[in-house]
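Here is a short report on helix packing and sheet order in one model. Look at the structure first, then read on.

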Amino acid sequence: MKARKASGGAGRQAPPRPVLAANLSPQLIEILEESEEPHAAGGGAKAAGIRAVKIPSGASREARDREIVLARSLGLPVVLHFWGQPLSVGSESLMDRLDLEDIAGAVQASGTPSLQSHLFITPEEARGVASPDRQSRRERQALLDRVTANVAGLMSWLGAGACPELGESDFLIENGIWWGTAVRPTRPGSLRCVVEPDFIREVVESTGCGFLLDVSHAYIASFYLGLSFEDYIDGLPLGAVREVHINAPAWVHGVLRDRHLPVGTDDLRRLRAVLARTRPERVTYEYGTMDPANAWRSRREDLERGLGLIADLL
């Protein structure tokens with residue numbers, strides 16, 4: 001699959017630039033509050049180059065709700081990335097287990113432009129699957145049926161008006177990570193087939209949902225699948241990409257991990273490859289956190305530097 005060329009020619013309008021978003025953090029709040037003009041007038045957002053605030057994956061519904069209130073006070077659109085329940089579209093009997101009323105309340109309170117879920121299935125959630133590292137055709141089909149049923153169920157729920165602010169197509173799935181038992185024997189990540197590009201593409205194409213492409217997840221998955229990053233992303237449903245996440249992974253005890261560190265040259269190269277192939281509405285710098293225990297991953301100078309480097313690519 002070749003990269004799509006940008007639109008051009010007489011009478012053709014160039015696609016809009018993606019919105020730059022960032023994780024909610026004390027450092028982000030400082031940057032916005034130090035801007036010269038009120039956020040309501042757009043001055044603060046313009047000064048920082050930020051047009052939206054993402055609520056990071058929190059530890060609880062209570063933390064999610066606190067962050068929604070704080071993020072809304074900044075006067076920028078809020079993107080809800082965590083629905084406050086430890087379930088994903090890979091979970092069994094998802095629609096019976098989700099507290100849908102709570103999710104609808106969070107969507108309304110945040111004003112989020114989409115509802116999002118990671119696409120992963122851990123070995124613990126995959127009863128009857130013999131190995132996290134290799135799935136038979138029958139096992140793969142059963143997992144695919146589960147995921148597509150869950151996605152279709154959530155999209156139908158949105159389409160029925162449960163969240164008037166959103167429609168069916170505003171549901172996004174995000175690609176996950178597989179390491180395998182040879183690398184992480186007790187925590188191999190998602191099942192291998194679930195991170196393979198054709199599995200993700202089949203889910204998107206059969207349901208019509210949107211796609212959130214996480215660059216670090218894609219890099220880690222491609223590395224352990226033995227593919228180049230470009231070959232991996234070329235197999236994904238690039239035409240359905242609504243949002244892109246970017247941060248820096250890191251090697252931890254010999255394992256390539258998703259660590260949400262400041263972006264560097266290699267990360268920006270991968271982001272550039274993604275942007276050459278997609279037309280996302282948002283690009284989110286997944287750096288910074290409200291969690292004091294992870295304050296070492298939330299430094300103002302790294303946030304400002306990363307936002308500037310990313311903005312230069314948009």
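Arg140, Leu143, Leu144, Val147, Thr148, Val151, Ala152 and Met155 of H6 touch Asp198, Phe199, Glu202, Val203, Ser206 and Thr207 of H8. Contact means heavy atoms within 4.5 Å. By class, this contact holds 8 nonpolar, 3 polar and 3 charged residues. Ala, Val, Leu, Ile, Met, Phe, Trp, Tyr, Cys and Pro count as nonpolar, Asp, Glu, Lys and Arg as charged, and the others, Gly among them, as polar.

This is a predicted model: local features need pLDDT of at least 70, side-chain atom pairs count only at pLDDT 80 or more, and totals for chains, interfaces and linings use all residues. Residues are numbered from 1 along each chain as its sequence is written, and side-chain values use heavy atoms, leaving out hydrogens and water.

**Helix pairs**

| Pair | Axis distance | Angle |
|---|---|---|
| H6 (residues 137-159) and H8 (residues 197-207) | within 10 Å | roughly 40° |
| H1 (residues 26-33) and H12 (residues 300-311) | 9 Å | about 65° |

Helices (H or I, at least four residues) and strands (E, at least two) are DSSP runs, numbered from the N terminus. Axes are lines fitted to C-alpha atoms, for helices over the stretch in contact; angles run from 0 to 180 degrees between N-to-C directions.

The angle of about 65° between H1 and H12 makes H1 roughly perpendicular to H12. Angles of 65 to 115 degrees count as roughly perpendicular, under 35 as roughly parallel, over 145 as roughly antiparallel, and the rest as oblique. The H1 and H12 crossing is right-handed, meaning the near helix is turned clockwise from the far one by less than a right angle. H1 supplies Gln27, Leu28, Glu30 and Ile31; H12 supplies Arg300, Leu303 and Glu304. That contact divides into 3 nonpolar, 1 polar and 3 charged residues. H6 also passes H8 in a right-handed crossing.

**The sheet**

What is the strand order of the open sheet? The 8 strands run E3-E2-E1-E10-E7-E6-E5-E4, with parallel pairing. Two strands pair if DSSP finds at least two bridges between them. E3 (78-80) and E4 stand at the edges with a single partner strand each, so one side of each lacks a neighbour in the sheet. Neighbouring strands are turned by 25° against each other on average, direction ignored.

E4 (residues 115-118) and E5 (residues 171-174) pair over 4 bridges. His118 stands opposite Glu174 in E5. H12 lies across E1 (19-23), E7 (241-246) and E10 (282-285), at about 155° to E10.
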